[in-house]
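Here's a quick briefing to read with the model open in your viewer.

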Amino acid sequence: MPRKSKSTTIPSSESLASTVTPGERRSRHKRNALSEGAAQLDKTHDPDRIKQPYIREDGELREATWDEAFEYTAERLQEFDEEHGAETFLDAGSWAETPIFRTIWRDLYGTPERIGRGVHVCAGPTFVTGGMMGVGSNNRVPDYQNSEYLIMWGRNPLGSFAGQFEAKGVLEAIEKNDATLVTIDPQYTETAEKSDEWLPIEPRTDGALALAIAHVIIQEGRLDLEFVQEHTHGFEAYRESVADKTPEWAAEITGIDADKIREIARGFAEAAPAAGISVWTGTAQMGNGWKATQNITALNGLVGNIDRPGGLRLWKSTPTADPFEVCEWTPDEKGTQATIGVDLPNNAAGKEPALHKYEEYEEYPFRHIEGIAHNLVPEMVENDHINGIYCHHDMPLKDGNAEAWLDALDEMDLVIAVDAYWNGVTRNADVVFADATQLEKDTVGTGSWSAYPEHQWVVGGKAAVEPQFNTKPDWEILTGIAEAMGWGENFPWDDHEEFIDDQLQAVDLTLEELDSGDKNYELVGEYGYEQWRDEDGPAFSFDLDQIPPFVQAAEEAGMDTAPEWQPPGTYGDELDEEYPLEFYDIRSVFFSHGSDQGIDRCLDQFARKNELEDEDYRGNYLHLNPEDAEERGIETGDMVTVESETGGGELMAHVTETIKPGIVTAEYGFGEGSAQEDYEGMNTMKLHAKQMDPITGQPDRHIAVDVTSGGE
């Protein structure tokens with residue numbers, strides 16, 4: 001394989017604002033958005049998709065009819081309940097287009113064990129901290145387009161976003177408000193490139209920077225004193241915690257100049273309340289992520305930007321009806337009659353999750369707050385407390401301790417997988433249901449944060465194409481399981497559209513109406529700012545001493561309830577001579593949640609982005625600084641081996657100055673367990689053991705490693 005000796009040079013932070021024009025910013029984002037849209041079409045018609053159901057017989061997966069697959073699943077579930085108890089079955093239904101997987105597994109089958117993406121593998125410290133501090137889990141998304149000062153803290157919304165509204169909002173703030181854009185990230189990302197300031201912080205030191213910013217704001221009297229006095233709790237504890245956290249103190253820890261810290265603190269406070277912080281996985285997926293997130297979120301309360309234009313918006317979700325509740329309709333023009341309510345059982349009632357039930361887990365503080373943790377599932381399997389799993393478009397092999405999860409999947413008595421692609425779960429499953437893609441399903445979506453900061457919204461549409469091959473939408477898969485289990489009477493709807501129409505009663509819409517206009521969304525409600533004025537008591541908490549589960553968890557974890565500094569290694573890995581580099585994995589706009597890696601178009605575009613399209617390689621890349629590469633005799637295009645104390649893998653090197661010395665990164669979602677049969681690239685979580693945040697159980701994706709030239 002030919003080797004290329006080249007690296008990417010970054011401009012100085014002073015010139016960042018003039019390196020790209022607003023028009024160029026928009027056009028680059030548009031190209032990324034188009035590539036994602038094309039990938040959906042590619043996925044729908046991909047000949048490598050799972051094309052029909054499979055069941056395991058005599059140790060091998062074989063093709064089956066849908067009736068066979070449903071009957072086989074029902075038999076296995078009944079046998080499982082008799083042998084192990086339904087309470088030892090794990091619901092990992094993360095990405096279904098319908099909410100009824102909770103109905104199937106919790107209410108009807110009777111398992112209390114549920115693991116989802118939000119808290120458990122995405123950004124537990126961010127989500128849970130926001131809720132405890134009074135601003136909800138949506139503390140991660142500011143009111144972009146109305147902001148005059150935006151801090152992208154460990155985020156890259158122009159390269160990897162929750163929705164295109166994020167990139168659009170950032171660009172609108174720059175163009176319309178002349179907003180200052182600051183990116184805090186060890187890596188020089190697309191967002192950093194377009195920022196006025198890039199702060200290349202040392203990994204896992206975000207909490208120290210936040211405390212120093214608070215020190216400046218309080219010491220210089222730049223806080224919103226009225227908001228703090230009238231609408232917050234625990235300010236004195238916060239003041240004490242930052243009293244000695246000077247910019248000079250933080251500079252030694254973070255690598256950010258003390259004068260620059262003061263400049264950022266003053267700029268943020270002066271722009272407030274039209275100043276927002278975007279924070280998500282970047283500061284959550286590390287062992288000291290809880291305190292980092294608490295320290296960062298506290299800055300919002302300090303400057304009083306809570307639910308004010310341009311600040312931390314208290315996003316309001318769109319209400320939808322519960323179709324299982326009794327609903328009264330007036331007949332429409334089709335003569336539809338009133339919906340019959342369903343009196344669902346709660347067969348999980350009284351069944352305690354294993355994390356709370358057994359003394360084996362008493363060493364984990366997060367048991368006071370959470371019912372399960374992703375990294376503990378293999379241990380629970382070994383202890384005979386989890387014996388089966390329903391996995392729906394989820395990829396546990398990419399979310400932490402991959403080796404242990406592979407063993408756990410082998411050990412489980414029943415693995416039911418719903419997916420569009422072969423991967424580490426579907427290949428190890430006992431039943432594989434061939435799921436339709438999004439374009440082949442009736443869908444409806446509601447949410448909170450969006451491009452419409454004063455409106456609630458609903459989006460949806462009918463399937464654009466019929467399910468390809470012999471696949472089915474997840475609604476039909478789940479109701480098929482229910483019918484085979486004798487639960488059919490709980491689903492009186494003729495199809496998914498009828499169920500969606502019942503959901504939409506709350507906003508006086510139908511799926512037909514959403515699908516028939518020139519757009520597939522509607523703004524359905526309007527709400528104002530400063531919603532906290534309508535509430536009794538404080539709107540925001542600096543100190544979490546009034547929340548008993550957290551107080552108990554914090555005490556066991558050796559934490560204070562107020563913001564504080566916890567150095568890297570307090571929880572998680574410490575670097576040493578054997579493993580001197582800090583690794584963490586990153587996201588790319590070309591892929592979504594690890595399920596698109598098999599699409600050639602995305603892989604080719606990804607290779608071009610890294611200027612490696614001429615190489616006969618389509619995996620992820622290890623990004624490392626020229627200093628670290630030279631020390632190890634590595635050049636761009638070389639195959640390298642990354643090793644941690646736990647495991648390792650092989651992938652291609654990309655030498656670049658866009659990353660700080662001492663740090664290496666790679667995109668997650670590749671390698672063993674992925675949709676690529678040849679496993680090209682490295683599964684980043686082969687490096688991972690059981691590192692996690694002690695309060696939420698969030699996997700800690702910062703790992704001590706070393707890198708050597710050449711493959712294994």
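Predicted model: local features only at pLDDT ≥ 70, side-chain atom pairs only at ≥ 80, totals over all residues.

Residues are numbered from 1 along each chain as its sequence is written, and side-chain values use heavy atoms, leaving out hydrogens and water.

**Strand E4**

- Helices (H or I, at least four residues) and strands (E, at least two) are DSSP runs, numbered from the N terminus.
- E4 is largely enclosed by the rest of the structure, because five of its five residues are buried (under 20% relative accessible area; over 50% is exposed, in between is partly exposed; 1.4 Å probe, protein chains only).
- Tyr149, Ile151 and Trp153 point one way from E4, Leu150 and Met152 point the other way, and all are buried.
- In a regular strand, side chains alternate between the two faces of the sheet.
- E4 runs parallel to E5 (residues 180-184), and five bridges join them; strands pair if DSSP finds at least two bridges between them.
- Within that pairing, Trp153 has Ile184 of E5 as its bridge partner.
- E4 is also joined by five bridges to E8 (residues 275-279), again running parallel, and Tyr149 sits opposite Ala275 there.
- Together, E4, H5 and E5 form a right-handed β-α-β unit (with the strands pointing away from the viewer, the path from the first strand over the helix to the second runs clockwise).

**Two loop residues**

- Which loop holds Thr111? Thr111 is in the one between H3 (100-109) and H4 (118-133), and it's buried at 2% relative accessibility.
- A polar atom of the Thr111 side chain lies 2.4 Å from the backbone oxygen of Phe89.
- Ser160 is in the loop between E4 (149-153) and H5 (164-177), and it's partly exposed at 22% relative accessible area.
- Leaving aside neighbours within four places in sequence, Ser160 is in contact (heavy atoms within 4.5 Å) with Arg155, Arg587 and Ser588.

Note on methods: Polar contact = N/O pair within 3.5 Å; in protein donor to acceptor, adjacent residues only side chain to side chain.
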